[in-house]
Amino acid sequence: MGVSIEVRGLTKSFGSQKIWNDVTLTLPAGEISVMLGPSGTGKSVFLKTLVGLLKPDEGQIIIEGQDLVTLKEGDLYEVRKLFGVLFQDGALFGSMNLYDNVAFPLREHTRKSESDIRNIVLEKMDLVGLSGAEDKLPGEISGGMRKRAGLARALVLDPEILLIDEPDSGLDPVRTSYINQLFIDLNAQIDATFLIVTHDINSTRTVPDNIGLLYHKHLAMFGPREMLLSSEEPVVRQFLNAQTVGPIGMSEEKDADELAAESGKELPPLPPIPLQLGTSDGTPRRAEKPAGEWCRANGIVPPPGSFLSGNAGVPGVPQNVEAGRAALS
Amino acid sequence: MNLLTSPIKQAGALFALALDVLRALPKRPFQTKEFIQQCWFIASVTIVPTALVSIPFGAVIALQLGTLTRQLGAQSFTGAASVLAVVREASPIVTALLIAGAGGSAICADLGSRKIREEIDAMEVLGISPIQRLVVPRVLAAMLVSLLLNGLVSVVGVAGGYFFNVVIQGGTPGAYLASFTALAQLADLWTSEIKAVLFGMVAAIVASYKGLTAGGGPKGVGDAVNQAVVITFMLLFVINFVVSAIYFQVVPQKV
């Protein structure tokens with residue numbers, strides 16, 4: 001039933017270059033969270049820090065009452081068994097075929113017989129749609145397939161926490177939708193805590209329960225999806241709606257002149273909040289909350305047209321705001 | 001400041017890795033398959049070049065010594081001197097060059113490319129220590145192969161020396177063979193083998209260190225390989241000097 005990750009005051013720098021400062025958040029158990037941020041804000045570094053691959057300068061990462069930062073190496077390897085990690089390019093072992101790659105964690109960490117291993121591996125390969133590709137080497141398949149094989153490998157030990165680094169980079173929109181659907185269905189099945197690092201706005205708007213935004217060396221905001229999607233905070237608003245107007249510039253931050261130049265510009269209205277992606281068989285996930293619950297609970301009026309379709313507010317997709325408004329009233 | 005601390009940091013990290021390797025050595029399960037594969041791999045990239053390098057190496061020594069002994073009027077000791085030179089210095093050095101240049105660079109490139117493909121990270125996340133799994137078998141394999149290579153170089157070098165001295169320079173075969181053990185002793189061979197094992201260990205550890213810390217894409221791997229080979233060469237020549245110096249202090253020489 002998933003494990004929560006509590007991050008307190010996490011700070012990381014490489015040499016004199018600060019990556020992020022004082023990041024504090026709690027990834028709720030069993031929920032899907034997305035970590036967003038402009039390129040180069042250390043999203044992948046954050047993910048690697050969470051599994052203990054990189055040591056933060058300060059702060060704590062608490063999982064099941066243990067602080068990952070101060071754990072001894074031997075204990076760290078134990079805690080890592082809770083994790084499944086999908087790296088950007090799948091990080092498959094190049095010398096093994098897909099079957100052996102997926103079977104690897106089972107052979108290393110369990111005493112299962114080869115026939116049990118075979119059953120599990122084939123089941124997970126089928127889950128990610130790679131049946132029949134067991135004998136292929138990682139070098140022989142496409143990036144999307146490598147990613148899915150990496151996901152299968154991350155899943156074989158039934159992780160409590162699944163960390164996913166840019167699942168959509170290098171994937172076409174259709175495959176991205178499939179993989180998003182897969183995450184939702186997986187979460188319903190295994191109830192693990194998910195953290196997805198991405199900068200795909202469409203996925204961010206529809207997939208997660210929680211969204212975090214890393215910007216300018218700190219965590220700008222972390223909270224429920226509806227909170228960020230209805231937020232008027234300039235950085236959050238600019239990023240989640242893929243606008244050029246706002247504090248984020250082409251290279252990191254805009255300077256005062258640039259900000260002054262656009263001060264008169266009117267921001268486009270907040271687009272409607274889309275419905276969250278449901279499981280493919282329609283049964284609700286354990287962590288799923290009714291649409292609009294957060295907004296109602298906090299007295300926020302969601303932008304008109306919200307919760308009418310999963311495509312609402314997607315940049316570039318024409319919106320029928322009038323129809324939405326009519327439906328709401 | 002950075003200019004000063006960064007080499008010290010690197011040296012410290014290198015020694016830390018060496019200690020980690022030592023600590024991971026007794027850990028079970030021992031990666032027998034990986035060890036055998038690595039032995040075979042390192043041997044296959046080094047045997048032929050080693051043999052080909054050691055023939056001219058032995059020949060050069062024979063030529064130099066042949067001339068020198070004639071000038072000094074000590075032709076009868078040509079064989080003795082040439083065996084001594086080949087076994088004591090030439091063969092560990094040739095082994096070092098090949099283990100670092102062919103074996104070490106291959107290890108570094110292999111681990112480096114795994115590092116940038118995040119395979120190493122993935123392995124750690126899966127709860128497996130890359131040091132125990134990948135580095136220990138490679139270090140042991142490099143040690144074993146360089147031990148064996150050293151023997152090969154000694155034999156080929158001495159045979160090459162014989163050929164050049166006797167056949168080309170017209171030396172006396174009997175005198176050459178008879179003086180073999182006039183100066184050389186068994187301890188020379190032992191020292192030579194100890195050197196070779198040390199060289200294999202250092203080459204593999206430096207290559208692994210550079211490979212595991214490679215970064216910055218494919219170019220980073222290229223740089224890592226380059227640095228690994230250069231650093232290994234420097235270390236090996238220093239170690240060679242130190243071991244030789246100790247040897248002369250510890251082992252009494254034939255008079």
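Mentor: What follows starts at the contact between the chains, then goes through the sheets on one side and the helices on the other.

Some ground rules come first. The model is predicted: local features need pLDDT of at least 70, side-chain atom pairs count only at pLDDT 80 or more, and totals for chains, interfaces and linings use all residues. Residues are numbered from 1 along each chain as its sequence is written, while chains are lettered from A and ligands numbered from 1 in the order in which they are written.

Ten residues of chain B are in contact with 18 residues of chain A. Contact means that the C-beta atoms of two residues, placed from the backbone, lie within 7 Å. The side of chain B that touches chain A has five charged, four nonpolar and one polar residue. Here Asp, Glu, Lys and Arg count as charged; Ala, Val, Leu, Ile, Met, Phe, Trp, Tyr, Cys and Pro count as nonpolar; the others, Gly among them, are polar.

Take A:Asp89. Leaving aside residues up to four places away in sequence, A:Asp89 touches B:Arg117 and B:Glu118, as well as A:Gly143 and A:Arg146. A:Asp89 sits in the loop between E6 and helix H3 (98-109) of chain A. Helices (H or I, at least four residues) and strands (E, at least two) are DSSP runs, numbered from the N terminus. Buried needs 20 or more other C-beta atoms within 10 Å, exposed means 12 or fewer, and partly exposed lies in between, with C-beta atoms placed from the backbone. The C-alpha atom of A:Asp89 is 40 Å from that of A:Ala297, 208 residues apart along the chain.

Now step back into the sheet. Strand E6(A) belongs to an open six-stranded sheet with mixed pairing, ordered E6-E7-E8-E3-E9-E10 in chain A. Its edge strands are E6 (83-86) and E10 (218-224), each pairing on one side only. Two strands pair if DSSP finds at least two bridges between them. On average, neighbouring strands here are turned by 15° against each other, direction ignored. Helix H5 (residues 143-155) of chain A packs on this sheet, touching E6 and E7, and its direction makes about 175° with that of E6(A). Axes are lines fitted to C-alpha atoms, for helices over the stretch in contact, and angles run from 0 to 180 degrees between N-to-C directions.

In a regular strand, side chains alternate between the two faces of the sheet. Both faces of E6(A) are covered: A:Phe83 and A:Val85 are buried on one side, A:Gly84 and A:Leu86 on the other. E6(A) and E7(A) run parallel, joined by four bridges. A:Val85 has A:Leu163 as its bridge partner in E7(A). A:Leu163 in turn stands opposite A:Leu195 in E8(A). E7 (residues 161-165) and E8 (residues 193-197) of chain A run parallel over five bridges.

Chain A has another sheet to note. Four strands, in the order E2-E1-E4-E5, form an open antiparallel sheet. E2 (17-27) and E5 (66-67) of chain A are its edges. E1 (residues 5-14) and E2 of chain A pair over seven bridges. A:Glu6 has A:Thr26 as its bridge partner in E2(A).

H8(B) is mostly covered, with 20 of its 27 residues buried. H8(B) reaches 39 Å from first to last C-alpha, close to the 39 Å expected at 1.5 Å a residue; the expected span is 1.5 Å times one less than the number of residues.

H9 (residues 217-250) of chain B has 34 residues and reaches 48 Å, close to the expected 50 Å. Its buried residues, including B:Val221, B:Val225 and B:Ile231, pack against H3 (78-116) and H8 (186-212) of chain B. An unreviewed UniProt entry lists residues 224-248 of chain B among its transmembrane regions; positions follow the numbering used here, feature names are shortened, and annotations may be inferred rather than shown by experiment. In the model, that span is 100% helix, with end C-alpha atoms 36 Å apart.
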